[in-house]
Amino acid sequence: MVGTVLRRRMGQLLLALTMFCLLFPVYWLVQSSISTQRELFHTPSYIFPPNPSLVGFKEAIPAIAPALGSSAIIACGTVVVTLFVAVTTGYGLTLSRVGAGGSLVRFLVLMGLVFPVIMFVIPLYELFDHFHLLNSYLGLILADSLYSVPLGILIMYTYMLSLPASFGEAASADGASRGRILVSIVLPLSRPAAATTAIFAFLGAWGDYLFAATFTNGGRVSPASTSVYTLIASNAGPVSWPEVMAASLILGLPTVLAVVFAQRYIRTGLSAGGLVG
Amino acid sequence: MGRRRRSKLTRTGAFPFLVPGIIYSLFMFGYPIYLVVRMAFSNVTFENFTSGAWKFVGFANFRALPDLPGWDLMLRNSGIFLIGSIVPQFIIGGLLAVVLRETSRLRRIARSLVLLPWLFPAVATATVFLWMFQAPEGLFDSVLKALGIVHSPPYFLDQPTDALVVVILVNIWIGIPFNYLVIQSGLQAISRDLHETATIDGASWLQELLRITVPLLRETLVTVLMIGIMGTMNVFAFVWILTAGGPANGTMLPGLFAYQQAFVNFDYGDGAAMIVLIVVVLLLVGAGYVLLTSERRRNRRLTRPVRRVAAAGARDQGKAGVVTMVGGEP
């Protein structure tokens with residue numbers, strides 16, 4: 001009995017310690033964003049700023065506001081592209097012969113894993129240069145969709161396959177076309193899978209730095225991830241850490257919201273990926 | 001899959017729905033892959049990049065790679081980075097998975113918060129760690145000074161070894177949630193009954209861990225290892241912002257190396273060659289993974305008794321049989 005209690009206590013301690021390490025950087029991000037530069041440079045560091053202030057946000061919001069709009073356009077565009085490709089392909093695969101669909105999906109997932117995103121940055125740069133898609137929303141939307149399309153197809157295909165076939169059969173007996181069945185029966189039933197796909201597409205595009213930094217040059221199209229980087233990379237005087245932390249916090253906000261409010265969907269998506277049950 | 005009855009009707013009409021996916025794959029997967037291979041075997045620099053009139057040079061780009069600055073360090077760092085990331089990630093992720101299995105309200109909250117580092121934007125992750133490791137004002141400097149460990153400020157990111165440690169620490173932080181998820185699902189496959197019966201049978205905590213949990217997690221370990229290798233090859237954004245591969249190539253990694261050749265030195269051919277090399281390594285790793293896991297699946301019944309025990313536990317809920325089998329283990 002003593003052993004069980006001790007084990008339980010150890011488990012709790014371990015959990016607390018690990019969670020502390022995992023969440024401390026996020027806490028530090030928050031506390032630094034509401035400090036002043038003076039407070040941040042105080043030695044020893046304050047655990048919590050003595051006079052919390054929003055001066056960091058006052059500096060950060062004008063600096064990244066236009067880029068946040070651009071991020072939103074790109075992330076929403078990526079959601080649209082990903083959903084369109086994933087829904088149509090997922091549905092098409094459920095219609096095609098069983099073996100072919102399954103192995104194609106497995107192949108796609110393996111492709112998504114084997115070909116790292118970084119391998120696309122060089123050829124896409126050339127391709128987008130050719131088609132005048134550098135510094136364009138469309139270019140970044142297409143590139144960012146690479147993060148989510150393979151997983152999206154997998155999620156949609158797996159989910160649609162689990163729906164009872166009788167729905168579609170009854171509708172086609174009534175003379176409904178395939179497209180009609182997709183729009184009015186399969187898609188409404190697949191809403192949870194579509195939500196999962198959309199969340200992954202949005203977060204992938206919102207957080208992307210690789211494509212954003214390579215395919216844009218700091219102009220109108222450049223998303224927030226690049227403008228936050230500009231805040232630390234610019235050589236104009238010392239870095240204002242409250243500003244950088246406030247900007248980073250704003251950048252991380254969609255992720256925080258997704259983790260807190262849409263955890264169920266994130267897990268669903270992962271279990272569809274076959275890596276996590 | 002066989003559950004679904006396929007009539008002639010359901011088999012037809014698939015093609016129109018596959019058209020967007022086919023076009024997308026050709027434009028976003030097929031053509032870029034063709035292009036990167038072609039670039040890897042061509043002389044592509046800043047001057048002739050746009051024209052597309054690239055001269056075929058055979059394996060010259062590949063032969064040039066080992067002579068480029070940072071190559072040796074990149075190889076060394078990849079090994080250190082891989083081992084240094086995977087081992088702690090697996091241990092911490094595994095411990096989390098074990099501890100978070102029990103249910104309580106606090107644990108439910110923890111289960112959702114634990115995903116945060118993995119999904120956090122790379123730029124935000126990089127800036128917060130950059131700030132924490134900033135010297136002389138940052139948190140770590142302050143803590144080390146307070147503890148009396150250092151007196152002069154340590155410029156973590158200005159020293160190659162320290163910078164590599166920092167980059168690995170950040171990567172561990174990012175990777176723990178994913179390891180936790182993979183191991184958690186591996187643990188779920190092990191029936192709870194199996195643990196209960198082992199405890200009833202008098203197996204100690206350590207015996208249980210070594211005889212039941214670890215052998216059954218072997219497949220999960222292979223998965224985590226594979227994903228770790230792929231992750232190492234794919235690492236870019238947060239390292240680029242923290243150190244850009246420096247100082248003195250001290251944190252150079254494969255993806256950064258390829259990116260640097262193409263977009264800093266403007267030698268797109270060398271960058272593409274490096275990419276092709278990375279993909280070849282990943283293909284080999286992927287092939288090994290498929291071989292390892294499918295082999296195991298085929299031999300599942302024939303291999304170790306523990307596996308049979310697990311299968312039995314999952315198949316029938318009859319505990320008596322499981323108890324005897326676990327008890328039968330020396």
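Here is a short briefing, grouped by topic.

This is a predicted model, in which local features need pLDDT of at least 70, side-chain atom pairs count only at pLDDT 80 or more, and totals for chains, interfaces and linings use all residues. Residues are numbered from 1 along each chain as its sequence is written, while chains are lettered from A and ligands numbered from 1 in the order in which they are written.

**Where the chains meet**
- Chain B gives 80 residues to the contact and chain A gives 82 (two residues are in contact if their C-beta atoms, placed from the backbone, lie within 7 Å).
- On the side of chain B that touches chain A, helix α2 (residues 15-40) of chain B supplies the largest share, 12 residues (helices are DSSP runs of H or I, at least four residues, numbered from the N terminus).

**A helix in chain A**
- In α9(A), 14 of the 17 residues are buried (20 or more other C-beta atoms within 10 Å of its own; exposed means 12 or fewer, and partly exposed lies in between; C-beta atoms are placed from the backbone).

- Most residues other than glycine have a negative phi, and most peptide bonds are trans.
- A:H132 has a positive phi near 55° and is exposed.
- B:F266 also has a positive phi, about 55°, and counts as partly exposed.
- The peptide bond from B:G246 to B:P247 is cis, with omega near -10°.

Note on methods
Helix = DSSP H or I, 4+ residues; strand = E, 2+ residues; numbered from the N terminus.
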